[in-house]
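Colleague: I've got a model open and I'd like to learn how to read it. Could you walk me through it?

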Amino acid sequence: MEMAAERAHPSARAYWSRVAHAGDGRPPGPIYPTPWAMVSAFRDDPIGYFAAAHRAFGDVVAFRAWPFTSFLLAHPDHIKHVLQENNQGYVKGIVVAKLK
C-alpha cells in the first residue's frame, strides 16, 4: 500500500530524509513543528505512514511533534518489554492519564 507521502515524493528516502532527525540520544524519526503537522502527514493513510517509518528507521522510531515525542515499537521483544515486563518504568503522559 503506497502512502500519500510516497506518492507526493517519488523517492520515499528523500521524503524521510527531509523530515528525519537523529543525534539527540533518542531513536531516529521524523520531526514536525506541531502535532497538527504530524497528523496531516499520516491522516490519509495512517497504516502506510507508520509502515514506511518502520521501513525507513527500523524497529524503534521517535516521532517528534513539539512539544510531544511518541514512539513506534515494531519488534515483539520491545513491545513485550514496554507493555509487560517493565510497564511501570515508562511515563504515559497526561493524555493517557486523563483517559483512565
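Modeller: Let's go through confidence, layout, a few residues and then the pocket.

Colleague: What should I know before I start?

Modeller: This is a predicted model, where local features need pLDDT of at least 70, side-chain atom pairs count only at pLDDT 80 or more, and totals for chains, interfaces and linings use all residues. Residues are numbered from 1 along each chain as its sequence is written, and side-chain values use heavy atoms, with hydrogens and water left out.

Colleague: What does the chain average in pLDDT?

Modeller: pLDDT is the predictor's confidence in each residue, from 0 to 100. Here the chain averages 80, and 76% of the residues score at least 70. Among the elements, helix α1 (residues 4–8) has the lowest mean, 47, while α5 has the highest, 93. Over residues 1–10 the pLDDT is below 50, and beyond near neighbours in sequence that stretch has 16 contacts in the model; contact means heavy atoms within 4.5 Å.

Colleague: How many helices and strands does the chain have?

Modeller: Helices (H or I, at least four residues) and strands (E, at least two) are DSSP runs, numbered from the N terminus. This chain has six helices and four strands, in the order α-α-β-β-α-α-β-β-α-α along the sequence. Of the contacts between residues at least 6 apart in sequence, 47% join residues at least 24 apart.

Colleague: Is arginine 64 buried or exposed?

Modeller: Buried means under 20% relative accessible area, exposed over 50%, and partly exposed in between (1.4 Å probe, protein chains only). Arginine 64 lies in strand β3 and is buried, because its relative accessible area is 4%. Across the chain, buried residues make up 24% of the 100 residues. Alanine 56, in helix α4 (residues 46–57), has a relative accessible area of 34%, so alanine 56 is partly exposed.

Colleague: What does the side chain of arginine 26 make a polar contact with?

Modeller: A polar contact is a pair of N or O atoms within 3.5 Å; within protein, one must be able to donate a hydrogen and the other to accept it, and residues adjacent in sequence count only if both atoms are side-chain atoms. The side chain of arginine 26 pairs this way with the side chain of threonine 69, at 2.7 Å. Leaving aside neighbours within four places in sequence, arginine 26 contacts Arg64, Thr69 and Phe71. Its relative accessibility is 38%, so arginine 26 counts as partly exposed.

Colleague: Which peptide bond is cis?

Modeller: Most peptide bonds are trans. The bond from tryptophan 66 to proline 67 is cis, with omega near 5 degrees. Proline 67 is in the loop between β3 (60–65) and β4.

Colleague: Which residues lie nearest the centre of the largest pocket?

Modeller: On a 1 Å grid over the protein atoms alone, a pocket is an open set of points where a 1.4 Å probe fits, with protein on both sides within 12 Å along at least five of seven lines; lining residues have an atom within 4 Å of a point. In this model 18 residues line the largest pocket, and Thr69, Ser70, Phe71, Val91 and Lys92 lie nearest its centre. Two or more lining residues come from each of β4 (68–73), α5 (76–85) and α6 (94–99). The largest share, six residues, is from β4.
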